[in-house]
2 protein chains.
Amino acid sequence: MSFKTPVHFGPFEVTDQVFYKTQLVYALVNIKPVLPGHVLVIPFRKAQRLTDLSQDEVSDLFSTVQKVQKMLAKDYFGTKDAIGKIEDGSFNITIQDGKWAGQTVAHVHCHIIPRTKGSDEGDGIYDRLESEEGNVGGGLWDQSRPTQHGKFPRIEDADRKPRSAEVMNEEAARFKDQMARLESEQ
Amino acid sequence: MSFKTPVHFGPFEVTDQVFYKTQLVYALVNIKPVLPGHVLVIPFRKAQRLTDLSQDEVSDLFSTVQKVQKMLAKDYFGTKDAIGKIEDGSFNITIQDGKWAGQTVAHVHCHIIPRTKGSDEGDGIYDRLESEEGNVGGGLWDQSRPTQHGKFPRIEDADRKPRSAEVMNEEAARFKDQMARLESEQ
């Protein structure tokens, strides 16, 4: 499947954020990562709930999560030569399955959040995931939102701004290369 | 596989807490649930990291998560007659993969936490999961810890006490029955 085929996450087109595809699922960089390397794995089919997925989709979703973890381990925890030094870091793997669990896009998505020593204390990772900062749907929505000009910028708004397309594209390209290298070396 | 075969979660024997088994994974009630219905799904093989699991184990782990969600949906969200009214409730599905992500037992375990309307605000679910309250390993460890007698009870300690074997066994028996009913009706 070409990386140029339009990919949708809920109502949003996210083609340029995608860095990995299988037959049934894809992985993309996040518009509002709560920590560096926070990415999502998503089935192409727009199902809302984990229980809506077929056996094949579930199997592909989580084996892709494993592959992406190995890539991120190389990018964030390991040296540039070593692959999959998983033991050097940790990950929060989490699905907000339904709106009372904090799901903001009605399309199953599994969060992968790299954690390192020091990131395990006081970073409020889960609070941030469930706050506006982790509002994936809101962030994507904001991209199309009309911008009001002429006001003084407010630092707190600037801090929470979704990442630019350029920043995300660069990261997606880097992860795409690393996934290809990882697969060719295994 | 008989429910009498001893089952281990990390260094802990949890046989009586188990309410469901497949060839590769099992589900058990939690000693310190952060919300009612908080259960764990675990591979029999004692692997520490999600990336250590085989394709078959990953596939079985998450299709079991789906089955347990349907059972819990019946128990917590649905009527006693209807099966799998998933849409009435939500779930947090989460793996603390490695110690920097809050893993307290070095044996892969997937948390399933039912969420309902109202449980999505201010319950600090993830804080609790990463605090002493969600310390699954600590709770199991405490079961074997010598008890000191003769002191005045402290409410805060009493509140955080792991659940009794009786309470867990009753819940495990109820969930075991419901899993069997769910499978026979499908």
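Let's start at one side chain in this predicted model: Arg174(A) has a relative accessible area of 28%, so it counts as partly exposed. Its partner is Glu170(A), and the two form a salt bridge in which the closest N and O atoms are 3.9 Å apart. Glu170(A) is partly exposed too, at 47% relative accessibility. Both belong to helix α5 of chain A, and because they are four residues apart there, about one helical turn separates them. In general, an α-helix has 3.6 residues a turn, so residues three or four places apart point the same way.

Now follow the helix that holds this pair. Where does α5(A) have its buried residues? They are Met168(A), Glu171(A), Ala172(A), Phe175(A), Gln178(A), Met179(A) and Leu182(A). Looking down the axis of α5(A), you find these buried residues within an arc of 135°, so they line one face of the helix.

Glu171(A) has a relative accessible area of 8% and is buried, and its side chain meets that of Arg163(A) in a salt bridge, at 2.8 Å from N to O.

Over all chains, the count of salt bridges comes to eight. Another of them brings together the side chains of Arg49(A) and Asp97(A), at 3.2 Å from N to O. This pair links distant parts of the chain, 48 residues apart: Arg49(A) sits in the loop between β5 (39-43) and α1 (55-77), while Asp97(A) is in strand β6 (residues 90-97). Arg49(A) is buried at 6% relative accessible area, and Asp97(A) is buried at 0%.

Strand β7 of chain A (residues 110-115) has six of its six residues buried, so the rest of the structure largely encloses it. In a regular strand, side chains alternate between the two faces of the sheet. Here Cys110(A), Ile112(A) and Pro114(A) point one way from β7(A), and His111(A), Ile113(A) and Arg115(A) point the other way. β5(A) and β7(A) run antiparallel and are joined by three bridges, with Val41(A) opposite Cys110(A). β6(A) and β7(A) also pair in the antiparallel sense, over six bridges, and there Thr94(A) stands opposite His111(A).

Technical notes: Residues are numbered from 1 along each chain as its sequence is written. Chains are lettered from A and ligands numbered from 1 in the order in which they are written. This is a predicted model: local features need pLDDT of at least 70, side-chain atom pairs count only at pLDDT 80 or more; totals for chains, interfaces and linings use all residues. Side-chain values use heavy atoms; hydrogens and water are left out. Buried means under 20% relative accessible area, exposed over 50%, partly exposed in between (1.4 Å probe, protein chains only). Helices (H or I, at least four residues) and strands (E, at least two) are DSSP runs, numbered from the N terminus. The arc is that of the directions from the helix axis to the C-beta atoms. A salt bridge is a side-chain nitrogen of Lys or Arg within 4 Å of a carboxyl oxygen of Asp or Glu. Two strands pair if DSSP finds at least two bridges between them.
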